[in-house]
Amino acid sequence: MVLGIKIIRRAGLTISKSVTFILIFIYLLQTAGLIYLLYERGEKAKLIQQQEQRIKELEDRVKILKIIEDFKVGLSKEEAVKLSGVIYSESKKYGYDPLLIMALILTESSFKKDEESMLGAQGLMQVKPSVGQDLARRSGLELKDSLSLFDPALNIQLGALHLFELILKFKDVKKALIAYNVGEDALRTKIKSGDKLPTYFLAKVLKKYKELKAKYG
């Protein structure tokens, strides 16, 4: 009788271990399945996000190209397409709204790539040769000759960088735009002396920006 009880107890213990193992195995399978489902959901979410970003990028590029085609003067189709890509990439690099860069271009040159001011500023964003050479040297871009600043893509790259550096220096987009027009030293002199800041150029840029936002934004 005692022997029978021992056998039954041992059998019960063996059954309990087997059941426990099965339950643990089932739990691990369920956990693995849940992790897989969560991973799949995460991957799908990433894929959807990537697709949305690509669609947004294409929309922005098409919008930029549309504006260039509406305002371009002396730009070929190939130049317009290339320029839209440059404006998009430079805006993304520095955190600009592309429409701000385009408003600045419209104010400076009305998209005339061969524009040159009486003070020698050249190209779409009216970059002065001395400023362009300094920016090119520090950024690794190449100015081959005195006509390089008339290259639309290079001019945009240097102009966008110049504005970005001014924003960092003055900690203010509006002051940076004023400095872009009158020069960094001239603006610092006016600020130091307490003179009223010149806002004519700034007002023109902001007006163009609002017009672009209203029509294309």
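Asn155 has a relative accessibility of 0% and therefore counts as buried, where buried means under 20% relative accessible area, exposed means over 50% and partly exposed lies in between, taken with a 1.4 Å probe and protein chains only. Asn155 sits in helix 5, and helices here are DSSP runs of H or I with at least four residues, just as strands are E runs of at least two, numbered from the N terminus. If we leave aside neighbours within four places in sequence, Asn155 is in contact with Gln122, Gly123, Leu124, Met125, Gln126, Val127 and Leu149, contact being heavy atoms within 4.5 Å.

Before I go on, this is a predicted model, in which local features need pLDDT of at least 70 and side-chain atom pairs count only at pLDDT 80 or more, while totals for chains, interfaces and linings use all residues. Residues are numbered from 1 along each chain as its sequence is written, and side-chain values use heavy atoms, with hydrogens and water left out.

Let me stay with helix 5 for a moment. Leu166 also lies in helix 5, and at 1% relative accessibility Leu166 counts as buried. Apart from neighbours within four places in sequence, Leu166 is in contact with Lys171, Ala176, Ala179, Tyr180 and Glu184. The C-alpha atom of Leu166 is separated by 41 Å from that of Glu43, and these two residues are 123 residues apart along the chain.

How do helix 5 and helix 6 cross? The axes of helix 5, residues 152-170, and helix 6, residues 173-182, come within 8 Å and cross at roughly 125°, the axes being lines fitted to C-alpha atoms, for helices over the stretch in contact, with angles running from 0 to 180 degrees between N-to-C directions. That angle makes helix 5 oblique to helix 6, since angles under 35 degrees count as roughly parallel, over 145 as roughly antiparallel, 65 to 115 as roughly perpendicular and the rest as oblique. The crossing is right-handed, which is the term used if the near helix is turned clockwise from the far one by less than a right angle, left-handed being anticlockwise.

Ile68, not counting residues up to four places away in sequence, touches Leu75, Ala80, Leu83, Ser84, Ile87, Met102 and Phe111.

Finally, the axes of helix 3 and helix 8 come within 8 Å and cross at roughly 125°, which makes helix 3 oblique to helix 8. This crossing is right-handed, and the contact of helix 3 with helix 8 has 10 nonpolar, 1 polar and 4 charged residues.

Note on methods:
Nonpolar A, V, L, I, M, F, W, Y, C, P; charged D, E, K, R; others polar.
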